[in-house]
Amino acid sequence: MLFNSAVFLLAFLPTTLVVYFWLCRLHWTTAAQGWLVLASLFFYSYWKLEHLPLLLGSLLLNFLIGNELSKGRAMRSDVPRRTLLIIGIVGNLVLLGYYKYANFFADNINGLTGWGLDWPKVVLPLAISFFTFQQIAYLVDSYRGQTREYDFLRYALFITFFPQLIAGPIVHHHEMMPQFARRRNWVLNHQHVLTGLCIFAVGLFKKVVIADTFAPWATQGFDHPQTLDFFEAWVTSLSYTFQLYFDFSGYCDMAMGAALMFNIRLPLNFNSPYKSLDIQDFWRRWHMTLGRFLRDYIYIPLGGNRGAGWMTYGNLFITFVIGGLWHGASWMFVIWGALHGGALVVHRAWKALGLRMPRMLAWLTTFLFVNMTWVFFRANTLDDALRVLRGMVDLPGALAKTADDIPTAGFAWGGWSIDLWLQWLPAAMVAQVPHLAAISAAMFLLTRPNAARLMDVRIGWPTTVACAGLMGVALVATMASTSSVFLYFNF
């Protein structure tokens, strides 16, 4: 089920909210938590019912292992706790590896050896990357004595709570379950509902009005084999850069808003990353809980920055290659991760030399690098990525185009004023004016405060009216949309 679908907005969310707090009001808190679990499982299985047993089986096995680890003893006396932890982690990774990477490895083995392995097509279960990483973190935390859970219902609620189930944030047990146990959170908080609705409205608007506007422009450039001129290539790359930004930012806002209606505060997962002045700052702002996972459970266990400089650089690079592969079974994600890992190595070396950039140049360098790497992230093949990148540096080719070289549809937006535009601007640029105007507007929106700030202020009438307006526009756009899947659902 999608946050931006009519069935979620008009039926699932209000029904789940009303029943949950009605049960809490009757002091049937166990029943209320059970209702949330059932609702969340329905939310998950609404997409594909056949993947529900996989989720339930993963929940049960990880709960049993985590339960034993948190007791300070193994499931059987002859199995050391460390071995049990390794079994749990490997089991999760094997499950993830089979569903996400089996076809990828089979195709690559066939390409290298010509063996012709006939591997059946494996359908990727929704959210498997997220609930797998969350459960690995739970097992490690249980082993370290940092958390414990002996109640399967509460554990199921921790993993399946619908606002964060599908695409994060990747949360820790201690961040979530104490909130469900607080008595004051069992009472409907009208201010929390209002604030949650406002944050949700902002997120919905970002998704269905902004991100989905950029989506077809990015698709046109990436998924069609035509040669792109300078302006078309930049419109293509920037359209995806902003589509992904507002898509994921919108999802994070909707997840935070929906959770807050239930008096639950999710950890911040997206903090205006395109304001970053360096690549390290970018990763402190973009998909923050994934970055936290990569740091705590991959980078630090590899050795972190405890060894020689070259070892630290190697740990950084390996961590981000793994992070790239986590996003999907494609060499394009590996390249993207390697580019970011390499950039972090360069940044660390740059800092070690005591070098600095002016703020504006630092922002521009970071933004252009991120935009360039998104090309590899989005492209289906290396040839597609290189085609876009070649266009981004082919300014002479674009300037050589005349109005006769541009399809008539490219000038339809301007009507009678096109002749005036052509007197001042290159024909290839005039054809892209509507897209460039939208990109400029998106650039302006980057300067605005993050919607998460609404969590810590009291919502007044002006904000309520503004958010109601955004919600109304977003609902109209939602009803008119034929397909509007969140990009991170693919990972």
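The legends below describe close-up views of a predicted model. Local features need pLDDT of at least 70 and side-chain atom pairs count only at pLDDT 80 or more, while totals for chains, interfaces and linings use all residues. Residues are numbered from 1 along each chain as its sequence is written, and side-chain values use heavy atoms, with hydrogens and water left out.

**View 1. The aromatic pair Phe161 and Phe180.** Phe161 is in the loop between helix H6 (152–160) and helix H7 (162–165), and Phe180 is in helix H8 (residues 173–181), 19 residues apart. Helices are DSSP runs (H or I, at least four residues), numbered from the N terminus. Phe161 is buried at 0% relative accessibility, and Phe180 is buried at 1% (buried means under 20% relative accessible area, 1.4 Å probe, protein chains only).

**View 2. Lys100 over the face of Trp326.** Lys100 lies 5.1 Å from the ring centre (the criterion is NZ of Lys within 6 Å of the centre and within 35 degrees of the ring normal).

**View 3. Packing of helix H2 (residues 29–45) and helix H3 (residues 52–70).** Their axes, lines fitted to C-alpha atoms over the stretch in contact, are 10 Å apart at an angle of about 135°. H2 and H3 are therefore oblique (not under 35, over 145, or 65 to 115 degrees, on a scale from 0 to 180 between N-to-C directions). Leu41, Tyr44 and Ser45 of H2 meet Leu52, Leu55 and Leu56 of H3 (heavy atoms within 4.5 Å).

Technical notes:
Phe/Tyr/Trp six-rings, centres within 6.5 Å; stacked < 30°, edge-to-face > 60°. Helix = DSSP H or I, 4+ residues; strand = E, 2+ residues; numbered from the N terminus. Buried < 20%, exposed > 50% of the residue type's maximum accessible area, 1.4 Å probe, protein only.
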